[in-house]
Amino acid sequence: MFDLEGLVAVDPHADQAALVARIDALERVKSAAAAGQARATALLDEQRHAEEAAAGVPKAQQGRGVASEVALARRDSPARGNRHLGFAKALVHEMPHTLAALECGALSEWRATLIVRESACLSVADRRALDAEMCADLSKLEGKGDKRIAAAAKEIACRLDAQAVVERAAKAEADRRVTIRPAPDAMVYVTALLPVAKGVGVYAALKRAADTTFDERSRGQVMADTLVERVTGRAAETPEPVAVNLVLTDQTLLAGDNTPANVEGYGPIPAEVARNLVGDAAADERSKATLRRLYAHPRSGALVAMESRSRLFPKGLARFIGVRDQSCRTPYCDAPIRHRDHATPRNRGGPTSAANGLGECERCNYVKETPGWRVRAGADENGTHTAEFVTPTGATYRSTAPPLPGAPLVTISEVELKIGIALTELHAA
């Protein structure tokens with residue numbers, strides 16, 4: 001289909017000037033490929049809408065799963081698939097000059113995205129005017145980085161329709177939120193998206209605390225500790241309550257094994273860090289450490305199965321699926337689990353079981369119910385749980401539940417017998 005090998009090959013005998021020219025050419029190829037993806041995405045959306053309209057699908061439901069199909073094809077999350085689809089439709093139908101600039105390599109995909117984003121609040125006529133002013137003359141794009149591209153697009157948008165930009169800013173307040181994502185070395189990024197006045201106020205308060213605190217901590221450490229204290233109402237040095245979902249093995253917790261543990265919503269952490277979390281929480285009377293007992297397959301590390309006759313997943317089984325899947329099971333989607341649902345629907349005979357259960361984000365759960373999508377799930381002889389997703393075009397994607405760390409777990413009576421001793425020993429150490 002594509003000569004990828006020839007495209008990425010580099011002559012080992014090329015001189016430095018030739019290598020720089022090769023880098024430049026490949027950068028332009030990346031931009032051209034992004035333009036090609038945009039054209040294909042917009043055409044897929046058109047064809048799907050036409051097909052579903054002919055089949056009598058209500059207009060509000062037409063094209064409902066296209067963004068997720070685009071995301072899977074691009075090995076990307078559904079949220080980004082939605083942005084890819086909106087970007088493609090804007091370029092192909094409303095912004096021909098920006099599309100042409102992307103196609104010839106004058107713009108990168110991200111810079112074209114910035115132009116599309118800043119023009120999103122405009123009418124189609126004004127958007128086309130911005131498109132022509134920014135990108136009809138490619139020389140205007142030379143030497144401009146991300147900030148200058150975004151600033152220029154924003155300035156033109158304000159000049160064309162200041163009221164639309166103001167209204168967009170007012171509506172943006174509804175998108176305020178707090179998110180979390182893993183960082184290296186058992187750390188996390190907690191990010192708050194706030195209206196500008198409130199965001200600046202939060203930062204100023206933390207900065208003021210750092211300016212008036214004088215101890216061995218750095219400014220950044222004081223600001224981080226102050227944030228924790230003001231949000232949680234607990235001193236930064238007070239250990240957090242720890243609920244161990246046997247995301248660490250008995251050997252890691254009780255016998256000093258180095259098998260990593262796993263924290264729901266974060267991922268693997270070193271064994272010693274996990275033991276410290278449990279030990280610190282148990283040692284402090286203001287905190288609390290608890291053990292939730294779940295069992296893993298002795299060879300694969302997969303959680304063993306549970307089953308229910310209920311149409312809905314009972315709390316215990318829903319919790320089991322959440323611990324097993326850890327995040328949305330749609331391939332490339334890292335969103336938090338919001339729904340526990342049947343892979344094979346109940347109305348088609350799907351059981352309410354761990355094998356037929358999937359943890360998914362809200363969006364992916366609704367998309368899999370769209371006509372043409374098929375999802376199957378099950379566990380093999382080692383307990384490894386696999387889900388298969390088939391899109392309306394017949395493309396097939398698979399995801400496997402990540403194994404929990406470690407080896408066979410001891411029996412529940414042994415856990416209950418040892419847990420108090422272990423926590424005492426960790427505190428003494």
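Arginine 374 counts as partly exposed in this predicted model, because its relative accessibility is 42%, a value that lies between the 20% limit for buried residues and the 50% limit for exposed ones. The residue is found in strand S11. Setting aside residues up to four places away in sequence, arginine 374 touches Glu388, Phe389 and Val390. Its C-alpha also lies 9.3 Å from that of glycine 394, although 20 residues separate arginine 374 and glycine 394 in sequence.

The strand that carries arginine 374 belongs to a sheet. Strands of a sheet pair through backbone hydrogen bonds, in either a parallel or an antiparallel sense. Here the sheet is open, has three strands in the order S11-S12-S13, and shows antiparallel pairing. Strand S11 (374-379) and strand S13 (396-400) each have a single partner strand and therefore stand at the edges, with one side of each left without a neighbour in the sheet. From one strand to the next, the twist averages 15°. Strand S12, residues 385-390, pairs with S13 in the antiparallel sense over five bridges. Within this part of the sheet, threonine 386 stands opposite threonine 400 in S13.

Helix H14 spans residues 315-325, and eight of its 11 residues are buried, so the helix is largely enclosed by the rest of the structure. The buried residues of H14 are Leu317, Ala318, Phe320, Ile321, Gly322, Val323, Arg324 and Asp325. Just after H14, glutamine 326 adopts a positive phi of about 75°.

A further element of the model is a pair of helices. Two packed helices are described by the angle between their axes and by the distance between those axes. For helix H7 (residues 124-135) and helix H8 (residues 146-160), the axes come within 10 Å and cross at roughly 135°. That angle makes H7 oblique to H8, because angles over 145 degrees would be needed for a roughly antiparallel arrangement and 65 to 115 degrees for a roughly perpendicular one. The crossing in which H7 passes H8 is right-handed. On the H7 side, the contact is made by Asp126, Ala129, Leu130, Glu133 and Met134. On the H8 side, Ile149, Ala152, Ala153, Ile156, Ala157, Arg159 and Leu160 take part. Classified by residue type, the contact of H7 with H8 comprises nine nonpolar and three charged residues, with no polar ones.

Methods. Residues are numbered from 1 along each chain as its sequence is written. This is a predicted model: local features need pLDDT of at least 70, side-chain atom pairs count only at pLDDT 80 or more; totals for chains, interfaces and linings use all residues. Side-chain values use heavy atoms; hydrogens and water are left out. Axes are lines fitted to C-alpha atoms, for helices over the stretch in contact, and angles run from 0 to 180 degrees between N-to-C directions. Helices (H or I, at least four residues) and strands (E, at least two) are DSSP runs, numbered from the N terminus. Angles under 35 degrees count as roughly parallel, over 145 as roughly antiparallel, 65 to 115 as roughly perpendicular and the rest as oblique. A crossing is left-handed if the near helix is turned anticlockwise from the far one by less than a right angle, and right-handed if clockwise. Contact means heavy atoms within 4.5 Å. Ala, Val, Leu, Ile, Met, Phe, Trp, Tyr, Cys and Pro count as nonpolar, Asp, Glu, Lys and Arg as charged, and the others, Gly among them, as polar. Two strands pair if DSSP finds at least two bridges between them. Buried means under 20% relative accessible area, exposed over 50%, partly exposed in between (1.4 Å probe, protein chains only).
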